[in-house]
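Hi everyone, thanks for coming.

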Amino acid sequence: MSTTFPDGFLWGGATAANQLEGGYDAGGKGLSIQDVMPRGILAPPVEEPTADNLKLVGIDHYHRYAEDIALFAEMGFKVYRFSIAWSRIFPNGDEETPNEEGLAFYDALLDELEKHGIEPLVTISHYETPLHLAKTYDGWVDRRMIGFYERYARTLFERYGNRVKYWLTFNEINSVLHAPLMSGGIWTSKEQLSKADLYQAIHHELVASASATKIAREINPELRIGCMILAMPIYPLTPDPADVLKVMDADHGNLAFSDVHVRGAYPGYFLRTLRDQGIELDITDADRETLTNTVDFVSFSYYMSICEAASGGEVGQGNIMGGIKNPKLPASEWGWQIDPVGLRIVLNQFWDRWGKPLFIVENGLGAKDELVEVDGVPTVQDDYRIAYLNDHLVQVREAIADGVDVMGYTWWGPIDVVSASTAQLSKRYGFIYVDRNDDGSGTLNRYRKKSFGWYRDTIASNGANLA
Ligand code: BG6
């Protein structure tokens with residue numbers, strides 16, 4: 001070991017409103033797309049919220065946030081990443097004035113974080129577009145979404161800008177390519193959606209993100225705005241140059257987003273993709289100017305890597321976007337291939353490419369946990385989660401030794417939440433077990449797993465306990 005984690009490294013955890021809050025119609029909240037997606041991305045949305053949708057109650061964080069934040073504090077969190085439910089603030093999304101009760105909820109949550117000295121990191125939009133915007137405007141396909149988002153972001157910066165320094169504009173913005181409804185609020189089904197509309201939606205999101213960055217700086221120059229992408233290293237299945245070329249193309253598909261966020265203009269390869277498909281985007285001069293408002297840092301989620309090949313290979317399961325299975329790697333119970341070294345690789349790749357501070361804002365293992373009793377106290381002996389965490393953090397430490405500027409690390413789902421892709425509770429990521437099952441039963445009680453103490457020790461020793 002040549003180096004260690006820097007002082008002030010931001011250790012913590014990350015969640016998203018729609019996956020834990022519940023209270024889907026409480027406090028004046030409007031419906032979001034998630035309220036009609038009972039099966040995540042596994043099935044099309046339904047007309048009305050239905051009782052089988054676990055997200056309607058989530059883990060009832062809406063009412064238990066103080067208890068949950070106290071548990072995060074017990075682990076020593078320095079930072080907590082959470083998202084604001086857009087439809088709590090603007091129930092339909094296109095109103096002129098915000099819902100005060102929704103704003104007050106996040107004031108109270110921020111009070112709790114402040115009480116425990118935990119730095120907030122806020123995602124402005126995490127897979128929870130107001131349903132009205134999806135149905136009426138077809139989400140980000142419509143240019144008017146930029147204005148609605150600007151109003152929403154301005155409202156947040158004005159209200160919380162004196163107590164929240166770090167902001168992310170869109171969760172996993174590149175996932176819109178694979179999950180247009182969940183990621184882009186696009187109501188037209190994936191099968192019906194034209195490539196031209198999809199790329200136009202991407203353009204609108206990128207402009208909205210840059211515009212929010214500009215607004216944030218005007219309101220408070222101290223604010224730090226980051227983009228957020230789903231990172232997934234892609235390896236060639238063989239050394240055949242045709243496979244390597246496939247990797248390059250697939251990489252470009254993801255990197256294009258942050259190339260725009262960081263460099264303020266579309267890269268040549270992206271323009272070529274559009275040309276080759278005969279797509280002419282509506283990009284105004286004002287849009288081009290707005291895009292020059294670039295981010296302060298790059299954040300990303302990291303769960304797994306995939307392979308690409310010009311032909312052959314077995315397709316595996318993946319986080320929203322899958323790929324070809326890597327014969328060298330093990331997989332989680334949900335088929336996501338576990339690759340700690342891939343985290344060091346993306347950290348280096350992103351640092352070399354953009355030279356911006358990096359923030360790992362999601363990393364985690366979804367697994368089936370068994371609740372047992374130790375000395376009369378319910379717990380989970382999740383050594384597999386500890387091993388995953390340890391092995392990934394070792395690679396973060398290596399990347400830091402490589403010279404990469406890493407701001408922090410927030411584990412995905414420090415408390416069990418409803419899964420985004422499969423809408424299950426049995427796919428658990430937490431250090432804290434929540435007694436709620438896939439059929440909706442359970443007491444909602446919280447229990448510390450074995451990993452709870454391990455992560456607490458990691459934070460307390462600033463990573464010195466890594467094996
Ligand atoms: C990321 C999302 O894709 O992965 C989270 O930003 C999500 O919202 C996480 O929960 C894990 O995925 P899943 O589908 O297992 O919940």
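This is a predicted model: local features need pLDDT of at least 70, side-chain atom pairs count only at pLDDT 80 or more; totals for chains, interfaces and linings use all residues.

The axes of α4 and helix α6, which covers residues 144-160, come within 11 Å and cross at roughly 45°. With angles under 35 degrees counted as roughly parallel and 65 to 115 as roughly perpendicular, α4 and α6 are therefore oblique to each other. Their crossing is right-handed.

Which residues in α4 and α6 meet? On the α4 side we find Glu100, Gly102, Leu103, Ala104, Tyr106, Asp107 and Leu110, and on the α6 side Thr155, Arg159 and Tyr160.

Side chains of opposite charge can pair when their charged atoms come close. Here, arginine 159 and glutamate 100 form a salt bridge through their side chains, at 2.9 Å from N to O. Arginine 159 belongs to helix α6 and glutamate 100 to helix α4, so this pair ties together parts that are 59 residues apart in sequence. Searching the whole structure turns up 33 salt bridges.

How are α6 and α8 packed, and at what angle? Their axes are 9 Å apart and the angle is about 30°, which makes α6 roughly parallel to α8. This crossing, too, has a hand: α6 passes α8 in a right-handed way.

The contact has quite a list of names. From α6 come Ile146, Tyr149, Glu150, Ala153, Arg154, Phe157 and Glu158. They meet His204, Val207, Ala208, Ser211, Ala212, Ile215, Ala216 and Ile219 in α8. Of the residues in this contact of α6 with α8, 10 are nonpolar, two polar and three charged.

So what about the strands? Eight of them make a closed barrel with parallel pairing, in the order β1-β2-β3-β4-β5-β7-β9-β12. From one strand to the next, the twist averages 25°.

Let's zoom in on one pair. Strand β2, residues 79-83, runs parallel to strand β3, residues 119-125, and five bridges join them. Across this pair, phenylalanine 82 stands opposite valine 122 in β3.

And here our helices come back. Helix α4, residues 100-115, lies across β2 and β3, running at about 170° to β2. Helix α8, residues 195-219, packs on the sheet as well, touching β4 and β5, and its direction makes about 160° with that of β4.

Conventions: Residues are numbered from 1 along each chain as its sequence is written. Side-chain values use heavy atoms; hydrogens and water are left out. Two strands pair if DSSP finds at least two bridges between them. Helices (H or I, at least four residues) and strands (E, at least two) are DSSP runs, numbered from the N terminus. Axes are lines fitted to C-alpha atoms, for helices over the stretch in contact, and angles run from 0 to 180 degrees between N-to-C directions. Contact means heavy atoms within 4.5 Å. Angles under 35 degrees count as roughly parallel, over 145 as roughly antiparallel, 65 to 115 as roughly perpendicular and the rest as oblique. A crossing is left-handed if the near helix is turned anticlockwise from the far one by less than a right angle, and right-handed if clockwise. Ala, Val, Leu, Ile, Met, Phe, Trp, Tyr, Cys and Pro count as nonpolar, Asp, Glu, Lys and Arg as charged, and the others, Gly among them, as polar. A salt bridge is a side-chain nitrogen of Lys or Arg within 4 Å of a carboxyl oxygen of Asp or Glu.
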